[in-house]
Amino acid sequence: MSAATTSAAEVISSGRAALGIELGSTRIKACLVDADDPTRVLATGSHAWENRYRDGNWTYALDDVWTGLQAAYAALAADVQREHGVAIETLAAAGVSAMMHGYLAFDADDELLVPFRTWRNTSTERAAGVLSELLGTNIPLRWSIAHLYQAVLDEEDHIPDVVSFTTLAGYVHEKLTGRRVLGIGDASGMFPIDVATNDYDAEMMAKFDRLVAERAPGLELRSLLPDVLVAGEAAGELTAKGAALLDPSGALRPGVLFCPPEGDAGTGMVATNSVAPRTGNVSAGTSIFAMVVLEHPLDSAHDELDLVTTPAGDLVAMVHCNNGASELAAWVGLFERFAAIAGGTLDPDEVFEALFVESLDGAPDAGGLLAYNHLAGEPIAGLPEGRPLFVRTPDSRLTLANFMRAQLYGVFGTLALGMRVLADEGVQLDRMYAHGGVFRTAGVAQRFLAGALDAPVAVAATASEGGAWGIAVLAAFAADAAGDPLDAYLTDRVFAQTSFDSIDPDPEDVPGFAAYLTRYRAGLAIEHAAIAATH
C-alpha cells in the first residue's frame, strides 16, 4: 500500500511516523510526519517559553527544557488522538534540533556546572578575538569554544571540573539516547570543522590545547567535545529513561532510532531544500541568519561571516544576527492593544497582516525613518549591548506605511551588512529561500528581503514551521534505506512536488533599501551613544 493511500492512523499505529522536536528561542515545537512521505504532516504540538536574563547571562533553566519538551510532545500526542484516534507507541525515527552555539558544561557526575549560556550572550569578546587570530578563522562571540575559553580567561571556578560541554540539542539528545554526539552542522558552531574529514579540525584543536595548557592544565579539547555525525547516520536509540523523560504517560516505548541532533541553522537548510552549492536560506525569528552553501572556500576570514556546514558536511557561510523579529513583534503588539481599546476585534495574526500590507504603500527608502531592532548586543554592527531605537529627522515622512516598512527593513538591516561582505567575495546565489513566522503574510517581508539582498527569494508552504519539520525530515532520512545523498533525497523525495512562491527584487526596492542601509550604517553612532549614555 502506498504512502498516499495509507491512512494516518495506520502510519502511526504501525510505527512508520517520524518525529521532529525543535527547541526554538520562544517555542518548543513537535512535528510528526509520515516517514515514507515527509511532506505529509500528521500532527503538531508546541509549548511557549522564554529565555531569562540572570546574573548577566541569557539562559534557560534545564527544568524548563524538560517541562517544555513534555508539554510539546503531550500536545502532539493529544493532536494524534483527537485527529486520528490512535496513540503513539513507537516511531520509525526521531530527532532533536535546537538553537545553535552556547555553553552547557558538565562534570564527571553529569551535573551542570554553570547555568546554560545561550547564543545570545556577547560577553566573550576577548576570547573570540584571541581565538580568531590564533586559528586564522572567525570565531564568533556565541560559539561554544569562545564561551569555554572566556571562562578559562576569567579563571572561573568550574573549569577544572569540566569533563564535557555541548549545545542544547546535544544535551537533550544525550538524555534521550545516552549518546554524546552532534550533527556536523551543530558541531560546526562549537568548533571549526575540517570538511575533508567531517570532524573537528585536528590542527586547530592542538593549537587550542597549547593555548590553555598553562591556565587550565589537563584541559584536552577533543575529550570535551561530542562526537560528530553526518546526516543519515544512526545516532542512537531512545532509552527507557529517555522515553519516560519525553512521554511521562508511558505510551511511547524505547528503541526508536534517532538521527544526529542538529542546530536550527541545519534544520532551516533542510526545510528550504538549500543544502546544495549556490543555494541559501534566511531564517527569521528571535534571531535572524542567512546560510549560503559555498562552491569553494572564501579568500579570507571576515568578522561578519561564520564558516559552518550543512547537515551533510558541505561548507557554508553564515551571517548570524542576534536580533530578529522580536522588536517588530513588540510594536505590532502595541497596535494590537490600540485596536482592542478602540473596539476592534482583530486577532494577533490579523493585526500583523494589516500592518504588513500597509507597509507596501511606504516609500522605497522608508521615508527617511530608521528602526533598530537591537534588544541584545549585535557583533556584526559592533554593538556590545542592545538598544532598540526608532529615529527620524525633522524632514522624514512619518506615516504608518513608512513606519512599518522601516521596522521590516530594520529586521534585515544587520543581515544586509553581512551579506554585502559575502557579495564582495564574489559568492554567487541562484536563489535564497526564506522561512520563519515573519514570512507568513504573503509577498511582504519576502519582497523586502529580495530588495535587501538583490536576489530572488522563495518561500514554501512550510515557511512558518520549518525547523521542527526540518528535523523530522532528517529523522526520516536516517530511517530511509535507499542510501541517497541528502541533496538528492530532498530534491527527489521531499520537494519534488513542492511549489515555492518566488519573488524577484522590485526595481524600486533595491535602491530604496540601499539608501536605507546607508542611513542605517551612519545611524549606528546613535546606538553607540545610547549604550554609552547608560554606563
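Mentor: Ala, Val, Leu, Ile, Met, Phe, Trp, Tyr, Cys and Pro count as nonpolar, Asp, Glu, Lys and Arg as charged, and the others, Gly among them, as polar. This is a predicted model, in which local features need pLDDT of at least 70 and side-chain atom pairs pLDDT 80 or more, while totals for chains, interfaces and linings use all residues. Residues are numbered from 1 along each chain as its sequence is written, and side-chain values use heavy atoms, with hydrogens and water left out.

Trainee: How do the residues lining the largest cavity divide by class?

Mentor: A cavity is a set of points on a 1 Å grid over the protein atoms alone where a 1.4 Å probe fits but cannot get out, and its lining residues have an atom within 4 Å of a point. The largest cavity is lined by M99, M100, H101, W119, D264, S287, F289, M318 and H320. By class, this lining has five nonpolar, three polar and one charged.

Trainee: What is the volume of the second largest cavity?

Mentor: Two cavities of 30 Å³ or more are found in the structure. A volume is the space filled by probe spheres set on the points, which are joined across faces, edges and corners. A231, G232, C259, P260, E262 and L474 line the second largest cavity. Its volume is about 40 Å³.

Trainee: Which helix gives the largest share of the lining of the largest pocket?

Mentor: A pocket is an open set of grid points with protein on both sides within 12 Å along at least five of seven lines. The largest pocket, of about 1200 Å³, has 46 lining residues, with T26, A284, G285, T286 and G437 nearest its centre. The largest share, six residues, comes from α11.

Trainee: And which helix gives the largest share in the second largest pocket?

Mentor: This pocket has a volume of about 430 Å³. Among its 21 lining residues, E125, L141, D303, P379 and I380 lie nearest its centre. Four residues, the largest share of the lining, come from helix α3.

Trainee: Is T279 buried or exposed?

Mentor: T279 lies in strand β14, residues 279-284. Residues it touches, leaving out those up to four places away in sequence, include M291, V293, L429 and Y433 (contact means heavy atoms within 4.5 Å). Buried means under 20% relative accessible area, exposed over 50% and partly exposed in between, with a 1.4 Å probe and protein chains only. Because its relative accessibility is 13%, T279 counts as buried.

Trainee: Why is helix α14 described as largely enclosed, and which residue just after it takes a positive phi?

Mentor: Eight of the nine residues of α14 (445-453) are buried, so the helix is largely enclosed by the rest of the structure. The buried residues include A445, F448 and L449.

Notes:
Helices (H or I, at least four residues) and strands (E, at least two) are DSSP runs, numbered from the N terminus.
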